[in-house]
Amino acid sequence: SLPPQTIDEPLDLVRASLGERVFVKCRGGRELTGRLLIYDEHLNMLLSEAEELATIKEEAAGGKVTTKETKRSLPMTWVRGDSVILVSPRLQSA
């Protein structure tokens, strides 16, 4: 659970999540879950123990659209802030 801190602005929630697992949704159908090590005011982030799920849509001849999902584990990954749509602390299951 998050430490008791005052959350006055959005980056306060990100700061409270340092060292915790977070969910990050990015442009282009990319989603990551990992431990937040560092971040900056642009939401550039370094995640460890990360899992990435990428959804790729391809249009084949004839206009048929296919969707492919790829999943991979990353010991460490850098997330560029301008690709971030959403950052959320992971909810702990009871």
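In the predicted model, Thr 33 is placed in strand β2. With a relative accessibility of 16%, Thr 33 counts as buried, because the value falls under the 20% limit that defines this class. Once neighbours within four places in sequence are set aside, the contacts of Thr 33 comprise Arg 21, Val 22 and Phe 23, then Glu 49, Ala 50 and Glu 51, and finally Arg 90.

One of these contact partners, Glu 49, belongs to strand β3 and has a positive phi, near 50°, in a residue other than glycine. The relative accessible area of Glu 49 is 45%, and the residue is therefore classed as partly exposed. A positive phi is also found at Leu 43, where the angle is about 70° although the residue is not a glycine. Whereas Glu 49 is located within strand β3, Leu 43 is found in the loop between β2, which covers residues 30–39, and β3, which covers residues 45–59.

Strand β2 also holds Leu 37, which has a relative accessible area of 36% and is thus partly exposed. Together with Ile 38, Met 76 and Trp 78, Leu 37 makes a nonpolar surface patch of about 400 Å². At least two residues of this nonpolar patch are supplied by β2, and at least two by β4, the strand that covers residues 65–79.

With regard to the chain as a whole, the secondary structure amounts to one helix and five strands, and the order of the elements from the N terminus on is α-β-β-β-β-β. Taken along the principal axes, the box filled by the C-alpha atoms has dimensions of roughly 55 × 25 × 25 Å. The chain has 94 residues, of which 27% count as buried, Thr 33 being one of the residues in this class. When contacts are limited to those between residues at least 6 apart in sequence, 45% of them join residues at least 24 apart.

As for charge, the chain has 13 positive and 14 negative side chains, with a separation of 7 Å between the centres of the two sets.

Technical notes. Residues numbered from 1 in each chain as written. Predicted model: local features only at pLDDT ≥ 70, side-chain atom pairs only at ≥ 80, totals over all residues. Heavy atoms only, no water. Helix = DSSP H or I, 4+ residues; strand = E, 2+ residues; numbered from the N terminus. Buried < 20%, exposed > 50% of the residue type's maximum accessible area, 1.4 Å probe, protein only. Contact = heavy atoms within 4.5 Å. Lys, Arg positive; Asp, Glu negative; His and termini not counted. Charge placed at Lys NZ, Arg CZ, Asp CG, Glu CD. Patch = residues over 30% accessible without salt bridge, like charges linked within 9 Å, V, L, I, M, F, W, Y side chains within 5 Å. Areas by Shrake-Rupley, 256 points an atom, 1.4 Å probe, with all protein chains shown as cover. Salt bridge = Lys/Arg side-chain N within 4 Å of Asp/Glu carboxyl O.
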